[in-house]
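Please look at the sequence and the 3D structure shown below before reading the notes that follow. They are meant to be read slowly, with the structure open beside them.

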Amino acid sequence: ETSCSTDRSGSMQGEKLRMAQQGAIGAATALTQQDQLGVVAFATDAEWVWPLRPVVPGWTTRRIGQLQAGGGTDALPGLQAAGRALQATAANTKHVILLTDGQFDSAACHQLATRLASQRITVSAVGIDSGAQSPFLRRLAHAGRGRFYPVDDPRQLPRIFLTETQRVARSLLVNQEVSPQVVAPSPILT
C-alpha cells in the first residue's frame, strides 16, 4: 500500500506540478490491481485526489492528472490523511511518499512520522527546489524510517516515485530456500 501526499500549493504551479503528477502516475502504473494506492493533495488543507484503494488503470491516472495548484503550504493535513488511510488497512507494507517544495518545520509532522513508523508505516520525503535542501525533510524521513530525496530538477520526480514504489513492493518478496515436509500421504506425492 502506498499513499502519496503531494504539495499542491501555489508555488507548485507549472512544471513542478506536472512532474509530481507524472511521478504519482508512474507509481500507479508500477502497481498491480491487487495493490492499493492513495494520492492526497495538500496546501493549507488536504483533499483526496485518489482515495486509498486498488489501482484502476485509466481512472487512477485521469484523476491524478486533474490536480490543480493553489494555496499555502502545510504538510500536516496531507500526512495525517495518508496516515489515517494506511492505519485502516490490513496491508503488510504501508508507505507514505511526501512531496513538497515548501521550507517549513513542523514539530507535529515530525511527531506524526515517528508515530506512524512505530505502527510500521514508513514515510519518505521528497524535497523539490527550495525543499531540496530542507534539514526538516531529511529529519522527517529519518523519523519515518524512510528515505529523503533532494530534487533540484522536477524531471527526476517520476523516477523517484517509481523507485520508491518498487522498493516498497520488493519488501513483500521473500527469496530464500524452503524445505517442504510431508505431513500426510497424498496421491499427488506419489
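Predicted model: local features only at pLDDT ≥ 70, side-chain atom pairs only at ≥ 80, totals over all residues.

**The chain as a whole**

- The C-alpha atoms of the protein fill a box of roughly 70 × 35 × 30 Å when the box is taken along the principal axes.
- The protein has 190 residues, of which 48% count as buried, and it exposes about 9,800 Å², with carbon and sulfur atoms supplying 50% of that area.
- When contacts between residues at least 6 apart in sequence are considered, 70% of them join residues at least 24 apart.

**Charges and salt bridges**

- Side chains of opposite charge can pair when their charged atoms come close.
- The structure holds four salt bridges, and three of them are described in the points below.

**Glu47 and Arg8**

- The side chains of Glu47 and Arg8 meet in a salt bridge, with 3.3 Å from N to O.
- This pair links distant parts of the chain, since Glu47 belongs to strand β3 (residues 46–54) while Arg8 sits in the loop between β1 (2–7) and α1 (15–30), 39 residues apart.
- Glu47 is partly exposed, because its relative accessible area of 41% falls between the cut-offs of 20% and 50%, whereas Arg8, at 11%, is buried.
- Salt bridges that share partners join Arg8, Asp45 and Glu47 into one network.

**Lys16 and its two partners**

- Lys16 meets Asp101 in a salt bridge of 2.8 Å, N to O, which links helix α1, where Lys16 lies, to the loop between β4 (94–100) and α4, where Asp101 lies, 85 residues apart.
- Both Asp101 and Lys16 are buried, and for Lys16 the relative accessibility is 13%.
- Lys16 also meets Asp129 in a salt bridge of 3.2 Å, N to O, and Asp129 is found in the loop between β5 (121–128) and α5 (135–143), 113 residues apart from Lys16.
- Asp129 is partly exposed, with a relative accessible area of 34%.

**Arg115**

- Arg115 lies in helix α4, which covers residues 107–118, and Arg115 is partly exposed at a relative accessible area of 44%.
- Arg115 and Gly144 are 29 residues apart in sequence, and in space they are 8.1 Å apart from C-alpha to C-alpha.

Terms used:
Residues numbered from 1 in each chain as written. Heavy atoms only, no water. Helix = DSSP H or I, 4+ residues; strand = E, 2+ residues; numbered from the N terminus. Buried < 20%, exposed > 50% of the residue type's maximum accessible area, 1.4 Å probe, protein only. Contact = heavy atoms within 4.5 Å. Areas by Shrake-Rupley, 256 points an atom, 1.4 Å probe, with all protein chains shown as cover.
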